[in-house]
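Biologist: I am new to this structure. Could we go through its metal sites together?

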Amino acid sequence: MATTERDYYELLGVARDADDSAIKKAFRRLARQLHPDVSSEPEAEQRFREVTEAYEVLSNSETRALYDRYGHAGLRSGGFQPTQFDMGGLSDLFSAFFGDDLFGAGMRGGARGGDLAAEIEIDLADAATGTTVNVPVEVAVPCQTCGGGGVQPGTNVSTCARCGGSGRFQQVARSVFGEFVRTQTCPACAGSGRRIETPCRECQGAGRVLEERKLDVDIPAGIHDGQRIRLTGEGHAGTLGTRAGDAYVQVHVRPDPRFVREGNDIFSTVDLTMTQASLGASITIPTLDGDDVLEFAAGTQPGQVLLLRGLGMPVLQGFGRGDHRVLVNVVVPRHLSDEQRRLLEEFDSHADERTYKPDEGLFEKLKSAFR
Ligand SMILES: [Zn+2]
Ligand SMILES: [Zn+2]
C-alpha cells in the first residue's frame with residue numbers, strides 16, 4: 001500500500017517536467033529538513049515517508065511514466081509497492097546514497113572522546129566581577145606506556161582475522177535508493193583492524209588512563225546560577241588518537257544573604273530606626289562594589305525605595321549593569337522603659353495634623369523608583 005495519495009510532484013515541490021537531478025536535489029533538501037532525527041516538526045516522520053515514496057517513484061523512469069499517465073491508480077495496478085524501511089538505519093543509507101554525512105559529524109556518535117562534566121560554586125560577589133576557578137577533574141588521557149594503542153610494549157599485535165585488518169566490512173545492500181555498498185565497523189576489533197595479544201598492563205588495553213587534572217575555568221562577569229561553560233577539547237581523550245571530548249562546567253552562584261538577585265538587578269533592605277527615619281540619617285549599606293554611605297532624608301517612610309542606578313550585576317557578555325534597589329524598613333521600638341514611654345507620650349501630645357502629612361507627589365516618586 002502506498003502511504004500517500006498526494007501528488008508526488010507537489011510533495012517534492014518540483015515541476016512535472018523536472019529532470020532527474022532536480023528531483024534528487026529537491027528530495028535531498030526535504031530529507032535533511034524532515035528527517036525525524038533532526039526535525040522538530042510534528043508529523044515529520046509521516047511527511048518524511050511521503051517524500052521518500054515520491055522520490056522512489058519519480059526517480060525511476062518506469063514508475064514515473066506510469067504515474068504520469070495513470071496517477072496513483074496506475075501505480076497500484078502496476079503492482080508498485082513503496083519500500084518499507086526502518087527509521088533507525090537511515091543515516092547510514094543517506095551517507096551511502098548522498099556520499100556525505102547528511103546530518104553532520106557527531107550525530108552518529110563518532111569515535112571522539114567523551115564529554116566531562118564538573119560543577120563549581122562561586123560567591124555572588126565573584127559572579128559580579130568575573131573570576132577564574134581551578135576545577136579539579138578526573139580525565140581520561142592517552143596511556144603513556146603504550147602510546148594509546150593498548151598494546152604492552154615489546155609484545156605482538158596480529159591482524160584481526162575477522163575483517164582482515166581493514167576494521168570494517170563492506171556489504172552490498174538493496175534499498176529504496178537502489179544498490180549501494182554499506183560499510184560496517186568490525187565488531188571483533190571495534191574498527192582497529194588489530195588483535196592485541198598482550199594488553200598493556202598500565203591501562204588494561206584501554207589505551208587511556210584516568211589522570212587528575214586542574215582546569216582553569218574563566219567565569220565571565222554576570223554569570224547566572226546554573227549556567228554551563230564549555231571548554232572545547234578538555235574532555236576525555238578519544239580512542240586511537242581521535243579528538244578529545246569537551247568539558248562542561250556548571251556554575252552555581254551561592255546566594256548572598258545581603259542581596260536578592262533578579263536577573264541583572266539586585267535588591268536589598270535597610271533597617272532605619274523610628275528616630276533615624278524621622279530625623280534623617282547617614283547609613284552604611286553593602287553594595288556589590290563594597291560599602292556605601294546613603295543619606296536618608298528626615299521623614300523617610302517604610303517601603304520607600306532608593307535606586308542605585310548601575311550598581312547591579314554586569315550584563316553577561318554585554319554592556320552595562322543592572323540596578324540596585326534598597327527597600328527601607330522602619331523598625332518600631334518593641335520594649336520601652338518607663339522614661340521612653342513618657343517621652344513618646346509627650347511627643348504624641350505635641351503631634352498635630354501636619355506631623356504626619358505626606359509631601360506632595362511622594363507617592364508618585366515611590367512608584368517611579370519601581371519602574
Ligand atoms: Zn596502556
Ligand atoms: Zn576486525
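Biologist: What spacing do the donors of the zinc ion (ligand 2) follow along the chain?
Modeller: The spacing is C-x2-C-x22-C-x2-C, where donors are N, O and S atoms within 2.8 Å of the metal (3.2 Å for Na, K and Ca), and water is not among the atoms, so sites may look incomplete. This is a predicted model: local features need pLDDT of at least 70, side-chain atom pairs count only at pLDDT 80 or more, and totals for chains, interfaces and linings use all residues. Residues are numbered from 1 along each chain as its sequence is written, chains are lettered from A and ligands numbered from 1 in the order in which they are written, and side-chain values use heavy atoms, leaving out hydrogens and water.

Biologist: Which residues coordinate the zinc ion (ligand 2)?
Modeller: C160, C163, C186 and C189 do so, each through SG, at 2.2 to 2.3 Å.

Biologist: And why is the arrangement tetrahedral?
Modeller: Because the four donor atoms subtend angles of 102 to 117 degrees; four donors count as tetrahedral if all angles lie between 85 and 135 degrees.

Biologist: Is C186 buried or exposed?
Modeller: C186 is buried, at 1% relative accessibility; buried means under 20% relative accessible area and exposed over 50%, with partly exposed in between (1.4 Å probe, protein chains only). C163 and C189 are buried as well.

Biologist: Turning to the zinc ion (ligand 1), what are its protein donors?
Modeller: They are the SG atoms of C143, C146, C200 and C203, lying 2.3 Å from the zinc ion (ligand 1). The donor residues are spaced C-x2-C-x53-C-x2-C.

Biologist: How many disulfides are there?
Modeller: The count is zero, a disulfide being a pair of cysteine sulfur atoms within 2.5 Å.

Definitions and conventions
Tetrahedral: all angles 85-135°; square planar, octahedral: opposite > 155°, others 65-115°.
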